[in-house]
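Here are a few notes to go with the model. Have it open while you read, and take the points one at a time.

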Amino acid sequence: FAPWEDPGEKPLIQFKNVTKRFGSFTAIDNLTQDIYEREFFALLGPSGCGKTTMMRMLAGFEEVTEGQILLAGQDMARVPPNERAVNMMFQSYALFPHLSVWENIAFGLKRKKMPKSELDARVDEMLRLTRLERFARRKPHQISGGQRQRVALARSLARAPKLLLLDEPLGALDKKLRQDTQFELMDIQEKTGTTFVIVTHDQEESMTVASRVAVMDEGQIIQVATPDKIYEEPASLYVADFIGDVNIIEGIATKSGEDGYKINWSEGKEPFQAKTPRTLSEGQKAYIAIRPEKIAVSQDKPDSALNSIKGKIVDIAYLGNMSTYHVEIPGGLTIKAQTANTRRLSRRSFTWEDEVWLSWTLTAGSVLER
Ligand code: ATP
């Protein structure tokens, strides 16, 4: 077994109590996190939360103020950028315009003084990996944006780094091409076994490509988990709200059964019920966070669903494959409910001003404390 054939969670990168200050400003705040070998790890968060600073510290462009970053067990503090088994791919690609695709990919290898035969074989391998064989002789301006992106990727991988940092790698591509390229990126990551760390502003993109997503806020990682966990079991309102669309209902919790609570959200209204692994204290403030697609819309009052509430449709967003209904319920709340348009929309679908029932199950929402 080569060590990387072990699907275990062997850390390649270890942030140990890392703090980064710029003058008196703390950009990264006592952050501890492992990133595993062969992992596709995404950093997600609002502008200024410290994503780029994390990447720059990994690449060695920025010094750590306190704490340590280990790469394969070795402290990186005194290892200069060019001696790290790390490469960074920028959004601008930074290809050399006067060099061919082949020469662009070979550039870093030539500087490394690799023997000619080995170099040729390596460049050819990279061309095959990124499906660029036919374009080897062309200059960057003679190929498409998507192909340029693949040249940049081939060039970054040519020296076989252990870690590749991708800063908005698909930012220059239009939506359709971007989606296709996400799958190529995953495929190439898997084939090479390189650890990828990606920064993207596109949450859907990070959910698609990454094996784990780290949601950041003000220099800290708030939650790290697989995309589905982040989406289905957000650790806080901040995470729930940052990823995808969510309804948040505030109320007061009272115990109900083994692992359930009643959330009193509006006076005189039946409380909503929810199950949660969390322990809340009696009478504390709590929130139910429910994704729009977990809420059913119906004409009649559902019998079985445990949570239901009547409301009026005030807005409809038709998205083709689905529709989002904005439904006003008592207490001045507007709830978003999303239904899949699996059939042609007919007279049976709902329209503005319709009175409808919203319903969801006990486990549809997450119960959060903040
Ligand atoms: P964006 O998504 O906008 O790129 P980001 O999450 O990548 O944001 P960083 O670039 O890591 O954010 O910056 C984190 C914080 O550190 C910001 O408030 C930024 O202003 C600050 N910062 C970054 N570099 C420096 C610097 N060289 N000197 C002073 N402050 C800096």
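1. Helices here are DSSP runs (H or I, at least four residues), strands are E runs of at least two, and both are numbered from the N terminus.

2. A word on the source: this is a predicted model, where local features need pLDDT of at least 70 and side-chain atom pairs count only at pLDDT 80 or more, while totals for chains, interfaces and linings use all residues. Residues are numbered from 1 along each chain as its sequence is written.

3. Now look at who touches whom. From α2, V101, N104, I105, F107 and G108 meet V151, A154 and R155 of α4; contact means C-beta atoms, placed from the backbone, within 7 Å. That contact splits into 5 nonpolar, 2 polar and 1 charged. (Nonpolar is Ala, Val, Leu, Ile, Met, Phe, Trp, Tyr, Cys and Pro; charged is Asp, Glu, Lys and Arg; the others, Gly among them, are polar.)

4. Next, follow α4 (residues 145–157) to α5 (residues 175–192): their axes come within 11 Å and cross at roughly 20°. That makes α4 roughly parallel to α5. On the α4 side the contact uses G146, Q149, L153 and L157, and on the α5 side L177, T181, I188 and T192. The tally is 4 nonpolar, 4 polar and no charged.

5. Over to α1 (residues 51–59), whose buried residues are K51, M54, M55, M57 and L58. Buried means 20 or more other C-beta atoms within 10 Å of a residue's own, exposed means 12 or fewer, and partly exposed is in between. Those five residues sit on the same side of α1 because they cover an arc of only 160° around the axis, judged by the directions from the helix axis to the C-beta atoms. Just after α1 comes G60, with a positive phi of about 95°.

6. Last stop: S308, in strand β16 (residues 307–318). Is S308 buried, exposed or partly exposed? With 18 other C-beta atoms within 10 Å, S308 is partly exposed. Beyond neighbours within four places in sequence, S308 contacts K301, P302, W357, L358 and S359.

Key
Axes fitted to C-alpha atoms, helices over the stretch in contact; angles between N-to-C directions. Parallel < 35°, antiparallel > 145°, perpendicular 65-115°, else oblique. Contact = placed C-beta atoms within 7 Å.
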